[in-house]
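The following report concerns strand pairing, helix packing and salt bridges in the structure shown here.

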Amino acid sequence: MEKEINRLIDLYGQDVLRTAYMYLKDLQKAEDVFQEVFIRVFRKYETFQGRSSEKSWIIRITINLCKDVLRSAWLKRALLTDKPVEEELPQEGESLESRVAQDAEDKLLFSEVMNLKTEFKDVILLYYYHGYDTKEISEILKVKEGTVRSRLHRARQILKERLEGRVDFGDADERF
Amino acid sequence: MKDFRRIADESMANVNVRAELKEKTLVKLYRKPNTVRFLVPALAAASIMLILGIAFWPESPQSMPEDGSTEMGIMQLKTLSSPLGAPEISHFMAMDVNSWSFVSVEEARDAFGEGFLTPGNIPLGFELESITGTGTEDQVENVTLTYSESASSVDGLIRFITITQEKVASSWEYYGFEEVDLLGYTGYVSASEETAELHFFLGSVRYDVIGQLQKDQAIAIAKSMIQSTR
């Protein structure tokens with residue numbers, strides 16, 4: 001089992017930690033959730049029957065734990081300020097101005113996604129970050145596929161409004 | 001937005017699984033008691049209560065599926081439909097799982113809390129088949145009432161209606177759905193010849209009426225739910 005848990009942490013650990021960070025906006029709390037996720041995975045691994053992918057199962061546990069943490073009132077107060085992320089230097093051949101402008105746009109988008117309400121953040125992260133389709137998301141969140149589509153549509157509307165149309169969802173995404 | 005994965009990963013460049021974090025997690029794993037140790041006495045206690053329930057109850061309780069099913073790795077619970085102490089058993093056993101099955105609408109209402117609505121206008125021929133809920137830990141976040149036709153129709157198919165009530169942080173509009181008036185509230189309906197899907201919000205709960213029924217029937221169900229609050 002130790003070998004198996006090692007494998008799961010190596011395979012999905014980064015996704016778990018970053019997903020938790022996007023919900024909690026706090027690295028320490030994200031690391032706490034990370035530990036708890038794998039403790040639960042360890043405890044429940046034998047009940048996992050492969051009706052979803054391992055990753056879906058683990059991400060679902062992560063999301064549920066993050067929501068539990070967010071429900072805690074004291075933590076909500078503690079999360080009022082975001083931690084700054086480290087700056088990156090522009091790559092060779094890239095002008096500083098364009099890199100700065102692009103970085104600013106990217107950070108704005110990331111920040112707006114981080115600030116979405118949980119039900120919208122759920123679908124945006126699962127769709128755009130983890131690459132799940134709407135059916136898989138409906139299974140992870142245990143809501144109807146139509147609901148996932150509606151939430152995706154609404155989340156995109158919110159992001160478009162907040163980013164004043166500067167976000168490109170791509171043609172394929174406009175199905176929902 | 002197509003680049004969101006890259007953007008997010010770049011923004012979280014300093015968010016990585018450190019070797020110490022992995023090590024700390026593994027150490028915790030082997031220190032933390034396995035819940036199986038707790039589940040064994042829990043299941044034993046539940047079994048005793050079930051036996052007592054059967055012994056003291058003259059009629060056979062509702063049958064309980066014994067599929068022992070799990071979904072997505074989270075244990076699926078079927079509450080013991082014993083007339084004695086069923087809510088206590090379901091609550092006790094639901095501590096570390098996120099799925100429930102309720103034996104009555106009243107039990108589901110108690111578990112869900114404020115905002116639970118009882119439909120009063122179910123189409124003729126449909127009977128309540130199951131009441132299930134999901135949530136995190138011991139908090140029931142949504143409840144689904146499933147109705148099925150008591151007799152199969154002429155085409156041999158048994159039709160279903162599901163009514164789901166889910167706690168939500170805020171309401172939203174359903175894109176592409178027809179808006180209908182539900183006793184002063186807005187409902188969003190989409191229907192075909194054989195199926196209908198209707199959603200509405202009251203306070204911090206979203207209600208879905210979905211199934212093999214006509215649009216008017218879905219609206220009548222929704223109105224009866226709203227009417228039950230007055």
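## Strand pairing in chain B

B:A191 has B:A196 of β9(B) as its bridge partner. In this predicted model, strands β8 (residues 185-191) and β9 (residues 196-202) of chain B run antiparallel and are joined by five bridges.

Both strands belong to an open, antiparallel sheet of eight strands in chain B, ordered β3-β4-β5-β6-β10-β9-β8-β7. The edge positions are taken by β3 (99-102) and β7 (178-182) of chain B; each has a single partner strand, so one side of each lacks a neighbour in the sheet. From one strand to the next, the twist averages 20°.

## Helices on the sheet

Helix α5 (residues 105-112) of chain B packs on the sheet, with β3, β4, β5, β6 and β10 of chain B touched by the helix. The direction of α5 makes about 155° with that of β5(B).

Helix α6 (residues 215-227) of chain B also packs on the sheet, where it touches β6, β7, β8, β9 and β10 of chain B. Its direction makes about 20° with that of β9(B).

## Salt bridges

Over all chains, the count comes to 21 salt bridges. One of them joins A:D10 and B:K22 at 2.7 Å, N to O. This pair crosses between chains, from helix α1 (residues 2-24) of chain A to helix α2 (residues 19-31) of chain B. A:D10 is exposed, at 54% relative accessibility, whereas B:K22 is buried, at 19%.

Within chain A, the side chains of A:E36 and A:R40 form a salt bridge of 3.4 Å, N to O. About one helical turn separates these residues, because they lie four residues apart in helix α2 (residues 27-44) of chain A. A:R40 is buried, with a relative accessible area of 15%.

Terms used
Residues are numbered from 1 along each chain as its sequence is written. Chains are lettered from A and ligands numbered from 1 in the order in which they are written. This is a predicted model: local features need pLDDT of at least 70, side-chain atom pairs count only at pLDDT 80 or more; totals for chains, interfaces and linings use all residues. Side-chain values use heavy atoms; hydrogens and water are left out. Two strands pair if DSSP finds at least two bridges between them. Helices (H or I, at least four residues) and strands (E, at least two) are DSSP runs, numbered from the N terminus. Axes are lines fitted to C-alpha atoms, for helices over the stretch in contact, and angles run from 0 to 180 degrees between N-to-C directions. Contact means heavy atoms within 4.5 Å. A salt bridge is a side-chain nitrogen of Lys or Arg within 4 Å of a carboxyl oxygen of Asp or Glu. Buried means under 20% relative accessible area, exposed over 50%, partly exposed in between (1.4 Å probe, protein chains only).
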